[in-house]
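Subject: The structure I promised you

Hi,

Here is the structure we talked about, sequence and all. Have a look at it first, then read on for what turned up.

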Amino acid sequence: MSFQRTAKQTKVAGKMNFKLSLLFLCSFVLVFVHGFVKAQSNIKSQVLSSRSETRKHQRSVVDVVKRGGNGLHSKLSMSSERSYIMIKPDGVQRNLVGDIIKRFEQKGFQLVAMKLVQAPEELLTKHYEQLADKPFFPKLLKYMTSGPVCAMVWQGKEVVATGRKMLGATNPLQSEPGTIRGDFCLEVGRNICHGSDSVENAEREISLWFNPSEICEYKSCQFDWVYE
């Protein structure tokens, strides 16, 4: 009887120990799952917070750039205007190409395209289409097809307006000393150079004389010494 009672007690104790062990295991699993879920929640919150901060930073960067930022965007915008400058046949024949280029370079403008062209009449007719009804137009075409021209694209702050001032008045005799026409020529029909008279016309003329692949995109090493 004593042996049977001991065995029965042992069996009951074993069941209780098993139940306690199972309860402990379940409690451990619940604690682990709760901790895992909480950790995942914290990670997700951190990720969302990080994304939010990134978006804020991106928006602030965009706003800074739109406002001109540290001046770089503003500087690049100001310096990206382009003008079509052409040295006419008399300027080429008189070996003035280097002198004219030198003046634009010394001013601080950037040369982004240049080529020597024996211009066909068809191209010149498109270029001077606003003068097609003028009585001197045939003479102008004859003059412009008499030899090669040096076609150039110059880039820089207000290069269109400034370039026109540097060239001088259409009539060389009315051009101020120090301008290209004022220094190098006398006759309207031999006024050695052409410059775009507006930003819109500059874009049109550049597209007539150059393919996009012929125009170079680069930052001059003088950029930061020309623009503040």
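(Helices, H or I with at least four residues, and strands, E with at least two, are DSSP runs numbered from the N terminus.)

Before going further, a word on where this comes from. This is a predicted model, so local features need pLDDT of at least 70 and side-chain atom pairs count only at pLDDT 80 or more, while totals for chains, interfaces and linings use all residues. Residues are numbered from 1 along each chain as its sequence is written, and side-chain values use heavy atoms, with hydrogens and water left out.

Back to Gln 110. It counts as buried because its relative accessibility is 12% (buried means under 20% relative accessible area, exposed over 50%, partly exposed in between, with a 1.4 Å probe and protein chains only). A polar atom of the Gln 110 side chain lies 2.8 Å from the backbone oxygen of Tyr 218. Leaving aside neighbours within four places in sequence, Gln 110 is in contact (heavy atoms within 4.5 Å) with Val 153, Trp 154, Gln 155, Tyr 218 and Ser 220. Gln 110 also stands opposite Gln 155 in strand 3.

Four strands form an open sheet in the order 2-3-1-4, with antiparallel pairing (two strands pair if DSSP finds at least two bridges between them). Strand 2 (110-117) and strand 4 (193-195) are the edges, each pairing on one side only. Seven bridges join strand 2 to strand 3, six join strand 1 to strand 3, and three link strand 1 with strand 4.

Strand 1 has five of its six residues buried, so it is largely enclosed by the rest of the structure. Find Met 86 there: it stands opposite Ala 151 in strand 3 and opposite His 194 in strand 4.

Last stop, helix 6 (residues 137-144). Its buried residues are Phe 137, Leu 140, Leu 141, Tyr 143 and Met 144. The buried residues pack against strand 1 (82-87), helix 3 (89-93), helix 5 (121-127) and strand 3 (149-155).

Cheers

Technical notes
A polar contact is a pair of N or O atoms within 3.5 Å; within protein, one must be able to donate a hydrogen and the other to accept it, and residues adjacent in sequence count only if both atoms are side-chain atoms.
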